[in-house]
Amino acid sequence: MSRALQSPTHPTTELAELGKFFAIAGRLLGAGRAAPQMFSTAIDAVWHQLLEDPAGHAAFAAHHAGRVLGHSPVKGQGFISWTTAYEEAYGPLPQIWFTDATGTVDVEALASYRETGQVWAEWDCSPAPGDDDAAPEATAS
């Protein structure tokens, strides 16, 4: 059983990380690669809040990913391959990636990542290519 600890979450942190995730997704999808897996329920919860405002979501995605991104309910588990691209752009994954929607940190998963540099996790969704014709003008980050 995983040990966990409570950590207050900061919606601005989750939103900033969602923007970084969208940037990685935009690069991967633009290169014809598979969409990254969303394994953090804390960040996914903010994504779901953003989806309640379709125009805001489209603008946020266009700003960070350079394109509109959809939300695809894709379940799976395994190696999270996009973390190398994240680390090259932003440095190591912060703790929020290992935090659930209630603020509980999976300390074992976080420690494993810090020790090995790899993430093995379950996910419930991924970004999907959206309707680029509906995309607002992307702005530089």
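Predicted model: local features only at pLDDT ≥ 70, side-chain atom pairs only at ≥ 80, totals over all residues.
By contact I mean heavy atoms within 4.5 Å of each other.

I begin with Ser40, which sits in the loop between helix 1 and helix 2. Leaving aside residues up to four places away in sequence, Ser40 touches Ile96, Trp97 and Thr99. Its relative accessibility is 1%, so Ser40 counts as buried.

Gln37 lies in the loop between helix 1 and helix 2 as well. With residues up to four places away in sequence again set aside, Gln37 touches Phe21, Phe79, Ile80, Ser81, Trp82, Trp123, Cys125 and Ser126. Is Gln37 buried or exposed? At 12% relative accessibility, and with the limit for burial being under 20%, Gln37 counts as buried.

The protein contains 5 helices and 6 strands, and from the N terminus on its elements follow the order β-α-α-α-β-β-α-β-α-β-β. Of its 141 residues, 40% count as buried.

My next topic is the aromatic residues. The structure holds 15 aromatic pairs. Consider Phe21 and Trp82, whose ring centres are 5.3 Å apart. Why is this pair edge-to-face? The planes of the two rings stand at 70°, and planes over 60 degrees apart count as edge-to-face, so the pair of Phe21 and Trp82 falls in that class. Phe21 belongs to helix 1, residues 11-30, while Trp82 is in the loop between strand 3 (76-79) and helix 4 (83-90); the two are 61 residues apart, and the pair thus links distant parts of the chain. Both Phe21 and Trp82 are buried.

A second pair, Phe39 with Phe98, is tilted, at 5.8 Å centre to centre and with 55° between the planes. This pair, too, links distant parts of the chain: Phe39 is in the loop between helix 1 and helix 2 (41-51), Phe98 in the loop between helix 4 and strand 4 (104-106), and 59 residues separate them. Phe39 is buried, with a relative accessible area of 10%, and Phe98 is buried with 6%.

Phe21, Phe22, Phe39, Trp47, Phe60, Trp82, Tyr86, Tyr90, Trp97, Phe98 and Tyr113 form one aromatic cluster.

I close with helix 3 itself. Its 12 residues reach 16 Å from the first C-alpha to the last, close to the 16 Å expected at 1.5 Å a residue. Within helix 3, His57, Ala58, Phe60, Ala61, Ala62 and Ala65 are buried. Just after helix 3, Gly66 takes a positive phi of about 75°. Thank you for your attention.

Methods. Residues numbered from 1 in each chain as written. Heavy atoms only, no water. Phe/Tyr/Trp six-rings, centres within 6.5 Å; stacked < 30°, edge-to-face > 60°. Helix = DSSP H or I, 4+ residues; strand = E, 2+ residues; numbered from the N terminus. Buried < 20%, exposed > 50% of the residue type's maximum accessible area, 1.4 Å probe, protein only. Expected span 1.5 Å × (residues − 1).
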